[in-house]
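Please read them with the structure open.

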Amino acid sequence: MTTAISVSGLVKTFGRTRALDGLDLTVRTGEVHGFLGPNGAGKSTTIRVLLGLLRADSGSATVLGGDPWRDATELHRRLAYVPGDVSLWPNLSGGEVIDLLGRLRGGLDQRRRDELLERFDLDPRKKGRTYSKGNRQKVALVAALASDVDLLVLDEPTSGLDPLMESVFQDCVREERDRGRTVLLSSHILAEVETLCDRVSIIRAGKTVETGTLADLRHLTRTSISAELATPPNGIAALPGVHDLVVEGNRVKFDVDTRELDVALRALVESGVRSLTSQPPTLEELFLRHYQDDQVGVR
Amino acid sequence: MSGTTGTWPLVRLALRRDRVILPIWIVVLSVIPGSTVSAYEKLYPTVAAKASLNAGTGSNPSVAVLYGPAFDLSTPGGWSAWRYGSFLALFIALFAIFTVTRHTRAEEDSGRLELLGSAVVGRYAALTAGVIVAGASSLLIGVLIAAGMTGAGLPIAGAFTMGLTIAGTGLVFTAIAGVTAQLTEYSRSANGLATTVLGVAFLLRALGDSTPSASWVSWLSPLAWPQQAKPFVADDWWVFLLAVGAAIAVASIAYQLVPRRDIGAGLFASRPGPATAAKSLSSPLGLAWRLQRGSLLGWTVAVVVMGAMFGAIADGIGGLVGDSEQVKQIMERMGGTQGLVDAYLSAIVGLFGMLSAVYAVQAGLRTRSEETATHAESVLATGVSRIRWAGSHLVFAIVGPAVLLAASGLAAGLAHGLRSGDLGHQLTHTLAAAMAQLPAVWVVAGIAALLYGIWPALAVAGSWTVVAVSVLLALYGPVIGLTQAVLDVSPFVHVPKLQPGTTFTATPLLWLTGVALVAVVAGLTTFRRRDIG
């Protein structure tokens, strides 16, 4: 089997809201697949359909070769899910929740569990209520990562973690991939997806807008540059891929397509760079730039 | 910033959130007595009928244990005060508890209060807002009751004594819930603690009212005060002031507690738990047991205590009737002293049936609260089927009431048997009478399961409505002269009474069980097909 998840033309409506509007998604076996989209794009809805918690109105979905709605119970023994907003039973300790979820999935690797608790610096004796958001997320992550499964479905798993724990998480995901597991990682943080994922699907308003490797998607990214130069800039406006240029004396601000970054920087260096800041674009900005016009055009 | 800054916005928020449920509570509780006054004249048209009611029912402890003491049933006012006094007191107390907890501890429990607390909101604002909403609603209910009864032609002094003392009970339980909301971390246990106090108050009232030699016990219970004020008989309106005083005293405890704890924390601090799960926590049923065992244990202890107490006084019932010739005749018709004791025991097991239905719905609705808290999602994303998950909670709604009825029947039968010296017969008889309630309880639980399957968003409100309608029809339907077709809606009406003189038939038990079974199966089937969340 070469595809772990295959979704096409998925539609899901809640009353009048069309949460999924013909979504497509293909996740190959053994890859870390980034599932990227702004808040409210339909990432969680898609995941909940893939878990058989929601029933799609139309379209088809296959997970690990089975129907996520019909074969839910069998499939769930082979996957582990970390929800975006982990809610724990207030009177159960973290260790109890990890063991319970692991057992319900059909077994837990005890050594891996202890190792993960150590790495995530998590106290398993605390009650669900007393954990912070990040620690609740760690509980669900340890339970998922210590389970012996083929597929990990992670819905914005790092949203409460501090940078140190985020890097622990990234190491863990890489290890999982090295063991041959498939990971579907939903996120709205481009940087996280860039460091971890082999391939990416970008969705917006319930539709897949782009899918491919990160190299394929380079054309989507723009970097914001702001620099102070020795002399007024020369000829930057004429360069390919430069947008929204503002020049104030020796200061210059512009956005540049990431693949043209090299050319733009060279032009700056020619004028003598005194200071330089560059900012990767947020995903939301990206979407605004690339897709809002399309939307207006359609309506 | 003073401690109560931000109270008004919170009151407005509470009113906005409760814009549907609050008017329902207020209207239902306030229109009942006024609108049924006319039934009295229809049911007891003649002076003789009134006198007979007064003599027979007024001195019958098996009636007083459920409805409270009857001081004078020869006037429509006295009859209404007896008929509705304890029931309205009970329900206004429940209303006050749920309302206060929802706007104080439940808000903290969910973390929403933290969001508000970071805005300009004083430390006492949430408690004050909850107290204002529940207290003002209680007073409004009291005034509306009084207005309704005055409108129905009853004396204004009696109407206001009754309305205000009922409001007073609401105020006392508003204050009690204000205290319990400070004690525990979870709204569930805050409600549990406050309803335990309510249960104790009910027990004291029932004991005092059915034991003339110890009637002072009733005064210990705020639930008894509306009837002890003797509306339309003596009009002891000062009882309202007693209630206000008690409410202020209890509420001041709540205000003392607030600064002694952190937001989100209770006074009872939580201890660390085990680092690994016990063997028993390996299945959905193990999880459900872990989540539900505390509640089941608490309920069992409560019904055992109640059963033992009621059972212990049952044997003395016959001697309490008084000695007027007329009463003796009525009692003879009911089967003599033994008949009276049986009627009393029958009323008691009926009460346990209704309490078990409350437990069953509470246990069954755990499915819904687990779903809305997204706990269900975590479990259902593992190798657990939906039926297994929902079934593991519904087991408590089905087996739990059996445990409660068995425990209460055994306790009452044992106590009564030991007192009457007829242990063998009384134990089996009382236990059988208690267990006969089970199919009716299952019907209520089954409907809750069905609602959960088809209409999850309305499952909570709908299930409690079913409980309330079933209980009220069985308790009050016959008295206000509703037709049999309406009464038949309540499953409790169909439970055969295990009394001498009536032939026992198992048929209703079988079809009640059948109805319950169909409802549960339909609920589970629809649950399997619907979206989660």
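Predicted model: local features only at pLDDT ≥ 70, side-chain atom pairs only at ≥ 80, totals over all residues.

1. Residues are numbered from 1 along each chain as its sequence is written, chains are lettered from A and ligands numbered from 1 in the order in which they are written, and side-chain values use heavy atoms, with hydrogens and water left out.

2. In chain A, three strands form an open antiparallel sheet in the order β2-β1-β4. Helices (H or I, at least four residues) and strands (E, at least two) are DSSP runs, numbered from the N terminus, and two strands pair if DSSP finds at least two bridges between them. β2 (17-28) and β4 (58-63) of chain A are the edge strands; each has a single partner, so one side of each lacks a neighbour in the sheet. On average, neighbouring strands are turned by 15 degrees against each other, direction ignored.

3. β1 (residues 3-14) of chain A pairs with β2(A) over nine bridges, in the antiparallel sense. Within β2(A), V27(A) stands opposite I5(A). Helix α1 (residues 43-50) of chain A packs on this sheet and touches β1, β2 and β4 of chain A. The direction of α1 makes about 65 degrees with that of β2(A).

4. In chain B, the axes of α11 (residues 187-210) and α14 (residues 284-314) come within 11 Å and cross at roughly 0 degrees. Axes are lines fitted to C-alpha atoms, for helices over the stretch in contact, and angles run from 0 to 180 degrees between N-to-C directions. α11(B) and α14(B) are therefore roughly parallel (under 35 degrees). The contact (heavy atoms within 4.5 Å) includes F202(B) and L203(B) of α11(B) and M309(B) and F310(B) of α14(B). Its residues divide into nine nonpolar, one polar and no charged.

5. How many disulfides are there over all chains? The count is zero, a disulfide being a pair of cysteine sulfur atoms within 2.5 Å. The sulfur of C172(A) is 15 Å from the closest cysteine sulfur, that of C197(A), which is too far for a bond.

6. A238(A) lies in the loop between β10 (222-229) and β11 (242-248) of chain A. A238(A) is exposed (over 50%), with 70% relative accessibility. Its C-alpha atom is separated by 56 Å from that of L88(A), 150 residues apart along the chain.

Definitions and conventions: Parallel < 35°, antiparallel > 145°, perpendicular 65-115°, else oblique. Nonpolar A, V, L, I, M, F, W, Y, C, P; charged D, E, K, R; others polar. Buried < 20%, exposed > 50% of the residue type's maximum accessible area, 1.4 Å probe, protein only.
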